[in-house]
Amino acid sequence: MSNIPENLRYSKDHEWIAVNGDVATIGITDYAQHSLGDVVYVDLPRVGDKFDTHESFGSVESVKAVSEIFTPLGGEVTEVNDGLNDAPESVNGDPYSAGWMIKMKMANSGEADALLSAAEYEEYLEASA
Amino acid sequence: MSENELKRTALNEVHRALGGKMVDFGGWDMPVQYKAGVIDEHLRCRTSSGLFDVSHMGEIWVAGPGSIAFVNRITTNDVTKLVDGQAHYSALTNEKGGIVDDLLVYRFGEEKLLLVVNAGTTDKDFAWISSHHSTADNCTIENASSKFCQIAVQGPNALKILQQITETPLEAISYYHFSEGSVDGVEAIISRTGYTGEDGFEVYADPQYAEQLWNKFLDLGGFGSDAGILPCGLAARNTLRLEAAMSLYGHELGDDITPYEANLGWITKLAKGDFIGRQALAEQKEAGLQRKLAGFEMTEPGIARDGFDVYVDDEKCGLVTSGSPAPYLKKNIGLAFLPPAFTTAGQEIKIDIRGRKVGAVVVPTPFYKRQK
């Protein structure tokens with residue numbers, strides 16, 4: 001069973017989003033890291049890069065495969081987790097904390113309301129299982 | 001192909017019980033990894049021991065007075081050089097010198113050879129061999145794949161694990177040699193071979209004993225303890241073989257790739273007499289190669305993957321056949337076909353990673369060589 005913290009929002013691309021004012025912190029879910037297997041490399045954008053909703057902003061590579069990661073909402077990157085350069089395995093070990101990927105200043109904070117709740121994401125996982 | 005159509009080895013349920021993540025591998029339902037994950041499985045095999053179910057591999061018996069001459073005519077290596085209890089690496093080639101499959105040839109006796117071929121190509125290989133076989137060859141061929149399970153125990157602890165359940169003196173079996181004996185009371189072929197770059201053994205037995213042997217190896221190897229044996233899936237099998245720069249059919253080897261191109265000149269014995277593809281290979285050797293397999297490692301962040309293009313001086317000139325992070329070496333490595341002029345160690349190349357040209361350098365292979 002995947003770990004799905006109550007206090008976060010989720011996307012159907014298996015990202016989690018922590019909303020704090022107009023800043024969203026984004027990472028991939030426990031389910032996603034588990035499907036990928038051992039993460040060995042995370043390719044992230046630069047601070048200042050702007051993205052629309054559902055644009056590829058980087059990639060996560062496991063030993064076996066590469067997966068693109070998509071923005072769950074639009075905005076400007078304000079911070080990236082440089083710690084993942086040296087410790088990409090944090091994405092596996094601690095996906096909701098040390099494994100965070102980017103922070104974005106949301107272009108439209110209303111977008112966050114359209115994301116899935118923990119209960120909805122859990123339902124989504126069960127339906128697609 | 002739906003799951004219930006996939007072929008299963010005798011250990012299928014065991015893999016599932018161990019938390020194996022099952023995938024379709026050449027029509028076989030096989031574990032790509034277990035709970036520990038590919039990195040731990042890989043490292044454990046290098047530092048302690050790893051256990052692999054390779055029962056999906058194909059086994060073909062060739063028996064009768066014409067066996068050696070027949071196999072010599074369909075493979076590149078010189079079968080007349082084998083002695084009883086010895087095996088060698090070889091290739092089945094087509095008329096153009098392309099590789100139908102790579103294989104091991106085991107000599108049990110003057111009139112008895114065993115060919116061990118890849119899982120996904122077993123049916124193709126048997127059809128190929130049959131089509132070149134006639135009564136005039138004075139030998140019989142039998143696809144005996146379903147009569148064997150094959151379990152590989154690999155790594156520095158492999159010998160002492162296996163020695164506990166066999167009276168066959170394992171130290172006396174040299175690399176690429178084998179012995180018929182008993183393992184845990186089960187009649188078996190014990191072969192000092194593997195696909196990991198480590199010392200180790202591959203044990204062939206009747207599939208009805210697969211579970212017994214598998215569990216015995218896990219027990220004796222200390223499965224569950226910190227440095228104990230780990231069952232290893234296909235993902236670790238792939239990264240282990242890649243660090244050792246061993247070829248994988250469908251990647252470095254294929255019907256349009258010759259042994260010379262794949263750096264397998266050492267198993268291509270033109271002087272032994274005629275064999276299928278010999279003429280084409282002799283001509284290629286004379287004319288020189290257009291492409292050749294080379295190892296590389298990334299010098300900039302990024303992971304090369306199979307099928308990526310290789311550039312030298314902004315010109316597309318090659319193709320990655322296998323690329324992956326190397327868990328033990330902690331580098332991103334790969335094999336690629338390149339024009340021979342660019343295969344010298346130190347040659348700088350670029351790998352096109354999803355539209356970004358990322359730096360890499362040609363390095364000598366194998367990437368990993370165990371300390372003896």
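**Reading helix packing and chain shape in a predicted model**

Modeller: In this predicted model, helix 2 of chain B passes helix 7 of chain B in a right-handed crossing.

Biologist: How is such a pair described, and at what angle do the axes of helix 2 and helix 7 of chain B cross?

Modeller: Two packed helices are described by the angle between their axes and the distance between the axes. Here the axes of helix 2 (residues 38-47) and helix 7 (residues 234-243) of chain B come within 9 Å and cross at roughly 50 degrees. That angle makes helix 2 of chain B oblique to helix 7 of chain B, because angles between 35 and 65 degrees are neither roughly parallel nor roughly perpendicular.

Biologist: Which residues make the contact between helix 2 and helix 7 of chain B?

Modeller: Helix 2 of chain B contributes V38(B), E41(B), H42(B) and C45(B), while helix 7 of chain B contributes A235(B), A236(B), T239(B) and L240(B). Sorted by class, this contact has five nonpolar, two polar and one charged residues. As a general idea, an α-helix has 3.6 residues a turn, so residues three or four places apart point the same way.

Biologist: Is helix 3 of chain B mostly covered or uncovered?

Modeller: Helix 3 (residues 67-74) of chain B is mostly covered, with six of its eight residues buried; these are S67(B), I68(B), F70(B), V71(B), N72(B) and I74(B). The elements that cover them include strand 4 (58-63), strand 5 (86-93), strand 6 (99-109), strand 7 (112-117) and helix 4 (122-131) of chain B.

Biologist: What does the radius of gyration say about chain B?

Modeller: For 372 residues a compact globule would have a radius of gyration near 21 Å, and chain B, at 21 Å, agrees with that. The C-alpha trace of chain B spans about 60 × 55 × 45 Å along its principal axes, its secondary structure comes to eight helices and 19 strands, and 48% of its residues count as buried.

Terms used. Residues numbered from 1 in each chain as written. Chains lettered and ligands numbered in written order. Predicted model: local features only at pLDDT ≥ 70, side-chain atom pairs only at ≥ 80, totals over all residues. Axes fitted to C-alpha atoms, helices over the stretch in contact; angles between N-to-C directions. Helix = DSSP H or I, 4+ residues; strand = E, 2+ residues; numbered from the N terminus. Parallel < 35°, antiparallel > 145°, perpendicular 65-115°, else oblique. Left-handed = near helix turned anticlockwise from the far one by under 90°. Contact = placed C-beta atoms within 7 Å. Nonpolar A, V, L, I, M, F, W, Y, C, P; charged D, E, K, R; others polar. Rg over C-alpha atoms; globule rule 2.2 N^0.38 Å. Buried ≥ 20, exposed ≤ 12 C-beta atoms within 10 Å, placed from the backbone.
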